[in-house]
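The sequence and structure come up next.

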Amino acid sequence: MTDKIVVAGVSVDTRHWIGGRRVSSAETFPDVSPIDGRTLGEIARGGPAEAEAAVAAAREAFPGWAATSRAERARILHAIADGVEKRIEDLAIVETNDNGALLRSHRRGVMPRVAHNFRFFADWLLSLDHEDFETRGHTNHVSWDPAGPCVLITPWNAPLMLATWKVAPALAAGDTVVLKPAEWSPLTASLLADIAAEAGLPAGVLNVVQGYGAEIGDALTSHPDVRRISFTGSVPTAKRIARSAAANLTPLSLELGGKSPLLVFADADLDLAVDLAVEQYDNAGQVCLAATRFLVEETVAEEFTRRFVEKAGRLVQGDPRDEATDIGPNIHPRQLEKIDGFVQRAVADGARVVIGGHRKDGQFYAPTLLTDVAQDSEIVQEEVFGPVLTLQTFADEEEAVRLANDTRFGLAATLATGDSERAERVTAQLVAGTVWVNCFFVRDLQAPFGGSRQSGVGREGGTWSFDFYCDLKNTVTAP
Ligand code: NAD
């Protein structure tokens, strides 16, 4: 195994980062680019021994980091953000090669946001406070105490963005971290370890382990020294992690899948509704928040569909490194097979293909819209995680809400309507962690983010993140 690989001119260490040093494993696994099926390199394949070593390093580093002043922790987080900003181009090109998402979006959107994630939680930490209050002359003082080592497990669809939504608040809170990125996109987590070390983060405060979830996951999530587990990924994996965490009653934060609706009312600005609809193909449909179920008022359904087909037809699918590309490849041949399986079963079940419905050369799936789908069918109920959308119609508001809420998920919902009273009325009835009205994907880190039902447990963002990553303490002092 070579310790370093070069991806588009950027050197990336393929080993774990444990206790402030690089650690190899006896075995490796190949990291394959979805752009052209090229093996980018062999990555250290961690198992229980590496999990044990990383948790031990996080445990040893914890007292020192927890005792570090808020101001110093914030200073180091800002230094990490500076390091990210200096390496935006490197991070962007490596992430694109690794997971196939658009280079232009990594460059201009994602990586600047990664830096912002560190700055935001550094600043929030400094303002984190609760006013003291009195009870019969006694003073109550609330504090956010660091909790201990945290295990953070993340998926491949937005690797560094999702990892830093967890790493930044955990470090700010005074916790130490073992980060396990997804095996399909392991590289930028390794670069983050370099950046954090250069920024002066003490050894053992951030550890990165690589490997297959099934091989290293249980050892991390059942470890008695781990005080928090934060996971973003699929529902089946979350259930497994919850069972593993139950051994020690380790608190969990779960950000899971979705089958979110886009509700289009007849009073909506249809051009805006179509813009929002076409956006759902972003990242080749590999977005947890994607509004994959279009629910359109029947009086405008035909016109909406006509305009949607026209606009979707102009999307450029191709190499994600190309500025002109709108949709890149899907992550893995296995994922492509899964996507096609969903579509073919839906068609066999009576769905009508409006556009797409098939694979394309390379690792691409044609942007697809299916209609004539039954509410209880697999294609309406299950997350596809590819560029596959469905369209159903509704007669009135009551039916719209009923269809919108009728899945086991509750991550997000998007509304297109010109009537603000309707927006308020409908929003109040929707089961969703986030509702967007006449917009999509606007996320402020101050806001709570998470899912209801099987879309998740808990909320991230602002003080909610600190509530999760800290042991809250109330100190009552006599007069
Ligand atoms: P996944 O559940 O297969 O894998 C996610 C991570 O879990 C990977 O790092 C994987 O190695 C690890 N893992 C697998 N088995 C494990 C085990 N037994 N113990 C510990 N870790 C284990 O999910 P995925 O396919 O990588 O990601 C796609 C899913 O993530 C979709 O369902 C999507 O909706 C969801 N997602 C949710 C959000 C959100 O914020 N709600 C954001 C992005 C993605």
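What percentage of the 479 residues in the chain is made up of buried residues? The share is 51%. Buried means that 20 or more other C-beta atoms, placed from the backbone, lie within 10 Å of the residue's own.

## Basis

This is a predicted model: local features need pLDDT of at least 70, side-chain atom pairs count only at pLDDT 80 or more, and totals for chains, interfaces and linings use all residues. Residue numbers start from 1 along each chain as its sequence is written.

## Overall fold

The chain holds 15 helices and 24 strands. These are DSSP runs, numbered from the N terminus: helices are H or I with at least four residues, strands E with at least two. The radius of gyration, taken over C-alpha atoms, is 23 Å, close to the 23 Å from the globule rule for 479 residues, so the chain is as compact as a globular protein of that length. That rule is 2.2 Å times the number of residues to the power 0.38.

Along the principal axes, the C-alpha atoms fill a box of roughly 65 × 65 × 40 Å.

## Annotated domain

UniProt, in an unreviewed entry, lists residues 25–474 as "domain: Aldehyde dehydrogenase". Such annotations may be inferred rather than shown by experiment. Over residues 25–474 the chain is 42% helix and 20% strand. The end C-alpha atoms are 44 Å apart.

## Ligand shell

There are 30 residues around the ligand (C-beta atom, placed from the backbone, within 6 Å). G213, G217, G233, T237 and G257 come nearest. The largest share, five residues, comes from α7.

Note on methods
A residue is buried if 20 or more other C-beta atoms lie within 10 Å of its own, exposed if 12 or fewer, and partly exposed in between; C-beta atoms are placed from the backbone.
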